[in-house]
Amino acid sequence: MSTISGNALRDLADRRTGGGGEKIIFRQPDKSEELKKLLQNRILVIDGAMGTMIQAYKLEEADYRGKLFAEHAFPQKGNNDLLSLTRPEIIREIHDSFLESGVDVLETNTFNSTAIAMADYGMEDQVYDLNYESARIARAAADAYSKKTLYQPRFVAGVLGPTNRTSSISPDVNDPSFRNTTFEQLVDVYTDSIAGLVDGGVDILLIETVFDTLNAKAGIFAIKQFLDSEGINLPIFVSGAITDASGRTLTGQTTEAFWNSIAHAEPLVVGLNCSLGAAELRPYIQELSRIVDTFVSCHPNAGLPNAFGEYDQTPEEMCHVLGEFAKSGFVNLVGGCCGTTPGHTRMLVDRVATFSPRDVPKIEARCRLSGLEPLNIGPDSLFVNVGERTNVTGSARFAKLIKEEDFETALEVARQQVTNGAQIIDINMDEGLIDSEAAMVKFLNLLAAEPYISRVPVMIDSSKWSVIEAGLRCVQGKSVVNSISMKE
């Protein structure tokens with residue numbers, strides 16, 4: 001696999017040594033087959049909300065800082081991931097409480113352990129250690145309970161959170177093409193986190209709470225690149241987040257479009273978590289269970305938040321809903337997100353994990369593409385309309401608009417094509433007087449802000465690899481690549 005960045009794997013040795021000497025590597029063997037057999041035989045349970053449990057300790061600024069960061073310039077209260085370095089006994093205690101409730105999978109305390117998220121606390125240089133130590137704490141807890149329950153092995157999922165930025169939406173209302181993070185930057189920061197998690201001994205890499213599928217695709221690329229460079233393999237779990245009753249992610253994708261976009265990762269488990277309570281997630285979990293040829297997970301919030309941002313759903317109420325999911329054959333793995341405690345997971349173990357797991361269906365082979373919405377092409381599709389007017393080599397008008405940098409009118413060309421029935425938009429910027437890469441990136445970024453247009457998949461059309469790569473790094477959907485010559 002070719003690398004996408006000159007920085008992603010560079011100086012990894014330096015990060016592994018940090019300021020505390022060479023780290024001992026605790027890498028785990030590939031447990032994909034063991035997990036697959038377990039998921040086929042019974043519903044597994046993943047743990048609940050680390051943040052909710054930490055809040056119960058009512059920690060103050062000094063607790064977060066500890067001795068290590070007593071003089072740090074930035075406030076640290078609320079930086080829960082930092083507790084893996086400053087109060088590791090609290091994190092271990094929380095892991096133990098979930099293991100005692102009977103869960104099969106522990107999540108590392110690393111939801112915000114990326115350089116992007118840690119920038120808020122001035123802790124970017126601690127990212128590798130945060131992930132490494134969090135993995136070590138969870139590994140030690142899981143191993144201790146695996147020895148107690150030889151019939152029930154416990155696993156550690158290394159959590160890669162979504163970061164607090166989106167690569168598909170502009171934070172600047174005056175410039176829809178602007179991005180405060182890019183695919184390449186995300187690959188770099190995820191690589192640091194992945195290295196720490198893998199070196200610390202996780203069994204699984206979990207890309208969680210996906211609100212922007214392009215961020216998740218960067219995480220997938222970083223995982224694949226890192227594992228390939230190290231000559232190892234670990235199973236991947238991916239869990240998306242439906243943000244409201246529209247049934248879409250924050251960046252606008254439907255459940256099936258999300259799956260089409262990330263299916264290339266070949267995740268062992270794909271599911272939904274956070275954002276909504278279990279009852280509100282039902283139609284989307286049902287859809288996911290119908291369309292994916294792998295295992296399905298659901299770890300929702302304890303209902304919807306109340307007026308104070310707190311979660312009131314009792315373990316009994318949550319288990320009633322997830323139990324119905326299990327009886328309906330929707331899930332292979334369940335657990336909890338915001339607001340859930342060992343009380344919730346204990347009841348999931350007792351009342352939900354007892355049902356038979358979902359049988360993984362055989363899904364018909366089709367060309368499965370996506371914009372914000374899916375496009376599945378098969379023998380019954382007749383023909384597919386591809387809009388060619390957004391091609392500078394095929395439309396003199398479009399070429400003139402791009403040369404004059406009139407992107408607003410150029411977007412109208414794309415809109416007209418969709419209105420006239422185009423199911424895919426072909427975009428080509430190959431022209432001698434145009435900076436093809438820059439034009440492709442700007443146009444695709446602007447396109448992402450137009451839901452009516454971006455609901456259909458994109459065909460990235462170029463004879464230059466660099467332009468194709470630049471385009472693919474901007475699109476959260478599953479695209480088509482066109483016109484590349486294989487002669488060179």
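**Sheet and helices**

Gly 271 stands opposite Ser 297 in E7, where strands (E, at least two residues) and helices (H or I, at least four) are DSSP runs numbered from the N terminus. The model is predicted, so local features need pLDDT of at least 70 and side-chain atom pairs pLDDT 80 or more, while totals for chains, interfaces and linings use all residues. Residues are numbered from 1 along each chain as its sequence is written, and side-chain values use heavy atoms, without hydrogens and water.

Student: Over how many bridges do strand E6 and strand E7 pair?

Tutor: Strands pair if DSSP finds at least two bridges between them. E6 covers residues 269–277 and E7 residues 295–301, and they pair in the parallel sense over 6 bridges.

Student: Which strands stand at the edges of the sheet?

Tutor: The open, parallel sheet has 8 strands in the order E1-E8-E7-E6-E5-E4-E3-E2. A strand with a single partner has one side left without a neighbour in the sheet, so the edges are E1 (44–45) and E2 (105–107).

Student: At roughly how many degrees do the axes of helix H6 and helix H8 cross?

Tutor: Axes are lines fitted to C-alpha atoms, for helices over the stretch in contact (heavy atoms within 4.5 Å), and angles run from 0 to 180 degrees between N-to-C directions. The axes of H6 (residues 88–100) and H8 (residues 127–148) come within 9 Å and cross at roughly 35 degrees.

Student: Which strands does helix H9 lie across?

Tutor: H9 spans residues 183–200 and runs at about 165 degrees to E3. The strands that H9 lies across are E3 (155–160) and E4 (204–210).
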